[in-house]
Amino acid sequence: MGGQYGTEDSRAVHPSVEGGLMRAVVRDRYGDADVLRQERINRPAVRDDEVLVRVHAAGLDRGTWHMMTGRPYLMRLFTGLRRPRNPVAGLDLAGTVAAVGAAVTRFRVGEEVFGFGSGSFAEYTTAREDKLALKPPGLSFEEAAVVPVSAVTALQGLRDAGRVRAGQKVLITGASGGVGSYAVQLAKAFGADVTGVCSTSKLDLVRSLGADHTIDYSRDDFADGSRHYDLILDFAGNPSLSLLRKALSATGTAVVGGGEHGGRLTGMGRQMRGMALSPFISQRLTMVAAKQRAADLELLTELIGAGKVRPCLERTFPLDQARDAMRHLEAGKARGKLAITVRRPQ
């Protein structure tokens, strides 16, 4: 989990940074948004292979929600059985380098970076050198902060798990969500014919992201037989495997993601059933376990610079309103991504 955090009296401050305390959104137990609270805690110390980042903005994603609730329960083997090992919430970040560990060679103090941190709902956090990249120059800190988790998941889902190719017919469920909004753009960048599934109120957003076709799930059934797809990227978390298979071509691939409806124990009920079935059918059913890699952040930076991908940032919340941001995410109201603004205006 990178650098460790403590209370005001429990640890020393990293000597490279003046002053010892910072604002952070923490929780000492698993639960809903009410477990989040803002406190002043000590800044994290930096290990040899880590970077200390002064956080300007943090992204909000379903991964942060899972770590807040402690569900699925299998996740607690890695995050803490009874309570979170790292009390500070947040994964995505964008900010400036405040200090570097002795073994770090890729970054210097003062550079603007984005990537995966170890508790980003805080004024400072640590991140491994190989999980950061230079911030795309055309983006604000808030825009950059909502890229890492969702865009990398979409990229690896399409490219690595889905093996997307130009000319394929690709269906994206949850196309207006965090992962989905990037998946639509990335599939277009890969040369696919893209259909996005979303609610009525978000059809305009999905079209603006470049979808060739849209389906309103409240009115139409994407598996009605009128169209079959070479690749389905499903991060909506609801369609059954049989429904996905009906919408696939005879040799198509479905990449199943999302853990909100996959059971409280593993969160991967559909994924596991799909992968067990896949060897016995002509269709391919698989999943994506996203890896945090600087190389993918750098590829996304190139695509952003080329105008092929843009963060779809709906709204920002100040750090002391992290609870409200989480509730907005839980309610399914977000059109794209949400960000937490951490650094106060100068």
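**Close-up 1. Y124 of β6 is the bridge partner of R54.** Welcome to a predicted model, in which local features need pLDDT of at least 70, side-chain atom pairs count only at pLDDT 80 or more, and totals for chains, interfaces and linings use all residues. Residues are numbered from 1 along each chain as its sequence is written, and side-chain values use heavy atoms, with hydrogens and water left out. Strands β3 (residues 50-60) and β6 run antiparallel and are joined by five bridges; strands count as paired if DSSP finds at least two bridges between them. Strand β6 covers residues 124-128, and four of its five residues are buried (under 20% relative accessible area, 1.4 Å probe, protein chains only). Helices (H or I, at least four residues) and strands (E, at least two) are DSSP runs, numbered from the N terminus.

**Close-up 2. E142 sits in helix α3 (residues 141-145).** This glutamate is buried but has no salt bridge (a side-chain nitrogen of Lys or Arg within 4 Å of a carboxyl oxygen of Asp or Glu). K135, the nearest side chain of opposite charge, is 8.5 Å away.

**Close-up 3. D296 belongs to helix α9 (residues 294-305).** D296 counts as buried because its relative accessibility is 3%. Its side chain makes a polar contact of 2.8 Å with that of Q156.

Definitions and conventions: Buried < 20%, exposed > 50% of the residue type's maximum accessible area, 1.4 Å probe, protein only. Lys, Arg positive; Asp, Glu negative; His and termini not counted. Polar contact = N/O pair within 3.5 Å; in protein donor to acceptor, adjacent residues only side chain to side chain.
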